[in-house]
Amino acid sequence: MKICLISFDSTYFDHNIILELKRKNIDAHHIDASKFRYKYKSVFEKISNSIKKNLFNANIKQEALEHYVLTEVKKLGHQDIIMFIRPDRVSKKTHLEIKKQSNKYITYIYDSCRRFPIDHLLDGIFDEIYSFDLIDVKKYNFNFISNYIYLDKRHLDSKINENVFIVISIDERFDFLNRLAEYFTNHAVKFKFIAVGKKTPNNMNKNIIHLEKTLLPQDIQEDLENSKIFLDLIRHGHNGLSFRIFEALAMQRKIITTNQSISQYDFYNPNNILILDENEPININPDFFNTPYEPLSDETYNKYTIENWVKTVFKI
């Protein structure tokens, strides 16, 4: 079986799908479009492209990206299955050309369609559409599948420190992050919050670390290992579960989250997972920090592994 994954793997999660496929002796290839870089031939081309974008909604860089993706697909030869993650990033015309290179063309969406709409791609382009967003699944009749556990399962470790840890982009979630930092500071709860963005926000809690450079999973692995609780703040309009949730399951860590939908999953346990409402005053029972993590059953845990994810999506 030949399988090709096309994605924009800037956060370095998608490559785990290829690793799992190869573990199953599948002929699998990854086209990581995030690595594509377009260099203008001259300053005049750059100016011309700016004019085309503004007047004609055309973009030389976008056209070059789509040409690159399609060329790379054709180099691989005909595939049994091609999966495209973030299908909104290329045109319908390019999707139709990619589809010709496979027996089955599927997509997985781990952003909500409210944030990145794909309504123009719903008329028969994909043979199957998978989504982690419960609202989109219900609205569009997508196939539901969550993100996955890509880490090896850790043993419970009672000696790790009491940190509450998060790394987060500076966006609409920052105000609540700042409020949490104030709350934890006032209640002597140790935490490590890393906020990533070009500018330091006004009135940022002095204990929040500001960085300009985006961090990859390997950059924060030590912080994950050394923290007892993972903080997960959901983007407005989302209800799918982030990879941080599945890292917590693998590492058997407690979770504090603003994702209300997490209570609908079979691994939800209020002893392990605290749900906060960012529109309400923060008031956390100290027992949450003091009680030990309650492990999941093997049956429940295995449902969310990448091995089961690959079996489900690719029908292996």
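**Cores, pocket and cavity: a short tour**

Hi everyone, let's start inside: the largest nonpolar core has 50 residues, and Ile17, Leu21, Met83, Tyr108, Phe267, Trp309 and Phe314 are the ones that touch the most other members. By nonpolar core I mean a set of buried Ala, Val, Leu, Ile, Met, Phe, Trp, Tyr and Cys residues joined through side-chain atoms within 4.5 Å; buried is under 20% relative accessible area, with a 1.4 Å probe and protein chains only.

Which elements build this core? At least two residues each come from strands S1 (2-7), S3 (79-85), S4 (102-109), S7 (164-169) and S8 (191-196), and from helices H1 (15-23), H8 (243-251) and H11 (306-314). H8 supplies the largest share, seven residues. These are DSSP runs numbered from the N terminus, with helices (H or I) of at least four residues and strands (E) of at least two.

A quick word on what we're looking at: this is a predicted model, where local features need pLDDT of at least 70 and side-chain atom pairs count only at pLDDT 80 or more, while totals for chains, interfaces and linings use all residues. Residues are numbered from 1 along each chain as its sequence is written, and side-chain values use heavy atoms, leaving out hydrogens and water.

Now take Met83. Leaving aside residues up to four places away in sequence, Met83 touches Cys4, Leu5, Ile6, Ile106, Tyr108, Trp309, Val313 and Phe314, a contact being heavy atoms within 4.5 Å. There is also a second, separate core of 25 residues, including Leu177, Ile229, Ile284 and Phe289.

On to cysteines. Cys4 counts as buried because its relative accessibility is 1%, and Cys113 counts as buried at 5%. The structure has zero disulfides, meaning pairs of cysteine sulfur atoms within 2.5 Å.

On a 1 Å grid over the protein atoms alone, a cavity is a set of points where a 1.4 Å probe fits but cannot get out, a pocket is an open set with protein on both sides within 12 Å along at least five of seven lines, and lining residues have an atom within 4 Å of a point. Volume is the space filled by probe spheres set on the points, which are joined across faces, edges and corners.

The largest pocket holds about 1200 Å³. Its lining has 42 residues, with Thr11, Phe13, Ser169, Arg173 and Arg235 nearest the centre. S7 gives the most to that lining, four residues.

There is one cavity of 30 Å³ or more. Arg86, Pro87, Asp88, Ile109, Asp111, Phe116 and Ile118 line the largest cavity, which holds about 40 Å³. Thanks, everyone!
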